[in-house]
Amino acid sequence: MNSLTEENYLKALFILADEKGEAGVNELSKRLEIKMPTVNSMMKKLADKKLVHYESYKPLRLTEKGKKEAGLIIRKHRLTEMFLVEKMGFGWEEVHEIAEQIEHIQSPAFFDKMDAMLGYPKVDPHGSPIPDKSGKIVWKQYNKLSSCKPGEIVRLAAVIDSATDFLTYLNSRELKLGLKIKIRTIEPFDGSMTVSYSRFQSVTLSNTVTERLLVEQVQ
């Protein structure tokens, strides 16, 4: 059984990993807001447990065992977020911190029951995929809204940033998953985009926002 701290490291490393499955010690240090010597010390400990491939001055990689452990932690987190939204009425901007606490419960049966009560969802309230019971994730390919062109109609599928202030901003604009968005115009200077959706005929979204919204093509 891994400690709460070890689980946080595994999850952070999994999320940070690039296409090669690697992440730097410095990246991990910044994400966790922990000093690099402490991170290095933990990596040695996780390497001893066969969870991480660790060599000095080289990128970090999770082992297959480490990927499974990390995937299961993320599964618990995302199932919890979905349960809080769907069954308890929390807003999608409220659930992250609560899920951070609940994800460390060591009871597979608890989360299996949660999964069944939700009808076995594939994604969490932010559109991120929920790993299966073996810790594997099926990724879907989405485009950033910022890459779309005028005239296109897309469906909001996920958000890259689940920070409370960003989600609160989206709430204020009535932007939610599943919404169809039509791109009207794009400002060449700063990439800001004028769109229409729902009851809104003309809403301007900054490039900071459109970079954080993932969409799928409708037409």
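## The sheet and its strands

Strand E4 (residues 143–144) pairs with strand E9 (residues 213–217) in the antiparallel sense over two bridges, where strands are DSSP runs of at least two residues, helices (H or I) are runs of at least four, and both are numbered from the N terminus; two strands count as paired if DSSP finds at least two bridges between them. Within this predicted model, local features need pLDDT of at least 70 and side-chain atom pairs count only at pLDDT 80 or more, while totals for chains, interfaces and linings use all residues. Residues are numbered from 1 along each chain as its sequence is written, and side-chain values use heavy atoms, with hydrogens and water left out.

Lys144 stands opposite Leu214 in E9. E9 also pairs with strand E5 (residues 153–159), in the antiparallel sense and over five bridges, with Val154 opposite Gln217 in E9. E5 is in turn joined by three bridges to strand E6 (residues 180–186), the two running antiparallel, and Arg155 has Lys180 in E6 as its bridge partner.

## Sheet order and the packed helix

These pairings belong to an open sheet of six strands in the order E4-E9-E5-E6-E7-E8, with antiparallel pairing. E4 and strand E8 (200–205) stand at the edges with a single partner strand each, so one side of each is left without a neighbour in the sheet. Helix H7 (residues 164–172) packs on the sheet and touches E5, E8 and E9, contact meaning heavy atoms within 4.5 Å. The direction of H7 makes about 150° with that of E5; axes are lines fitted to C-alpha atoms, for helices over the stretch in contact, and angles between N-to-C directions run from 0 to 180 degrees.

## Helices H1 and H3

The axes of helix H1 (residues 4–16) and helix H3 (residues 36–48) come within 11 Å and cross at roughly 95°. H1 and H3 are therefore roughly perpendicular to each other, a term that covers angles of 65 to 115 degrees. In this contact, Thr5, Glu6, Tyr9, Leu10 and Leu13 of H1 meet Thr38, Val39, Met42, Met43, Lys45 and Leu46 of H3.

## Asn40 in H3

Asn40 is found in helix H3 and is partly exposed, with a relative accessible area of 21%; buried means under 20%, exposed over 50% and partly exposed in between, for a 1.4 Å probe and protein chains only. Not counting residues up to four places away in sequence, Asn40 touches Val25 and Tyr54. The C-alpha atoms of Asn40 and Val25, 15 residues apart along the chain, are separated by 7.2 Å.

Key. Angles under 35 degrees count as roughly parallel, over 145 as roughly antiparallel, 65 to 115 as roughly perpendicular and the rest as oblique.
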